[in-house]
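Hello,

Here is the structure we talked about handing over. Please have a look, then read on for what turned up in it.

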Amino acid sequence: MTKDELDSILSLARDAAHEAAVHVRKGFRRNIVVEHKGAVDLVTSFDRESEASIRARLERELDIPIVGEEAGGDFDPDRPAFFIDPIDGTTNFVHGHPFWCVSIGLVVRGHPILGVVVAPALGTEWHGYVTSDGQRRAVRSAVPFGGEDVEECTVSLTDRFEDSLLATGFPYDRRTSADNNFDAFVAIKRKCQAVRRCGSAALDLCLVADGTYEGYWERKLNPWDIAAGCAIVRAAGGRVSDFDAGPTFMSTGHVVATNGHIHDALLHALANVPPLSWPPGAG
């Protein structure tokens, strides 16, 4: 897509994300009704209302399929599609932790090319895109929306793995699956400066894009978790891949995103993680 096309889509996606974020913010730190989709997977009426609001706005003005966390959706993998997470970090939202956001990403043939992530409780928005001819732009701005506190996003220049601040997360089936990322967390925390785990893939990716983190990895994610954030990392000059340095992260849900300088080192560290005993206490 051209810059003019993406500028137009980005403007609409930002408006849709802002409207949803304003609504969701009304439920933050309130006594809201919570449902369980799984043992540790929560959903609220604000998730559903946020997604409905975004769908209505995008569908009214664009003929691009939408896939959302709550209502799903169909799309042609050879054509553009929006992937939306109405509240990424619902568990944080429910417990009053500020690390949650509204996330809208545009994907073309498996490549995230445009993203908007709005985090009202953090007072911050990130957005960006990558054109078909390689032009890119990534921006971090303050919320409330339309403020003048705007700066270009660029990834960090740190090139030593041992000096890197990283982020990660753990899958919903971590109580029952040996593939739960615990072993990688323990091993990599011993090699880098520190590892953070804050509970929103979209925000972790944005913090790679703006140079806060040098890198991020996680497994078993859904496309709506990472579409927007991966686009913004790419737009900020970072690198995104699967665990084998390939392009399948959107379909596999296994993602590694970095400033580019430490990417190979992080991939190498992940490939050489010694397994922990599983189940706990075994061995």
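Glu218 sits in strand β12 (residues 215–218). Please keep in mind that this is a predicted model.

Glu218 is buried, yet it has no salt bridge. Arg197 is the nearest side chain of opposite charge, and it is 5.9 Å away. A salt bridge needs a side-chain nitrogen of Lys or Arg within 4 Å of a carboxyl oxygen of Asp or Glu. Glu218 does have a polar partner: its side chain and that of Tyr216 are joined by a polar contact of 2.4 Å. Beyond its neighbours within four places in sequence, Glu218 is in contact with several residues, among them Thr168, Phe170, His254 and Phe243.

Arg219 lies over the face of the Phe243 ring, 4.9 Å from the ring centre.

Now the aromatic rings. The whole structure holds seven aromatic pairs. One of them is Phe28 with Phe93, a stacked pair at 6.1 Å centre to centre, with 25° between the planes. This pair links distant parts of the chain, 65 residues apart. Phe28 is in the loop between α1 (3–25) and β1 (34–36), while Phe93 is in helix α3 (residues 90–95). Both Phe28 and Phe93 are buried.

Phe75 and Phe83 pair edge-to-face, at 5.2 Å centre to centre and 80° between the planes. Phe83 counts as buried because its relative accessibility is 4%. Phe75 counts as partly exposed, because its value is 40%.

Finally, ring pairs link Phe28, Phe46, Phe93 and Trp100 into a cluster.

Best wishes

Methods:
Residues numbered from 1 in each chain as written. Predicted model: local features only at pLDDT ≥ 70, side-chain atom pairs only at ≥ 80, totals over all residues. Heavy atoms only, no water. Phe/Tyr/Trp six-rings, centres within 6.5 Å; stacked < 30°, edge-to-face > 60°. Helix = DSSP H or I, 4+ residues; strand = E, 2+ residues; numbered from the N terminus. Buried < 20%, exposed > 50% of the residue type's maximum accessible area, 1.4 Å probe, protein only. Lys NZ or Arg CZ within 6 Å of the ring centre and 35° of its normal. Lys, Arg positive; Asp, Glu negative; His and termini not counted. Polar contact = N/O pair within 3.5 Å; in protein donor to acceptor, adjacent residues only side chain to side chain. Contact = heavy atoms within 4.5 Å.
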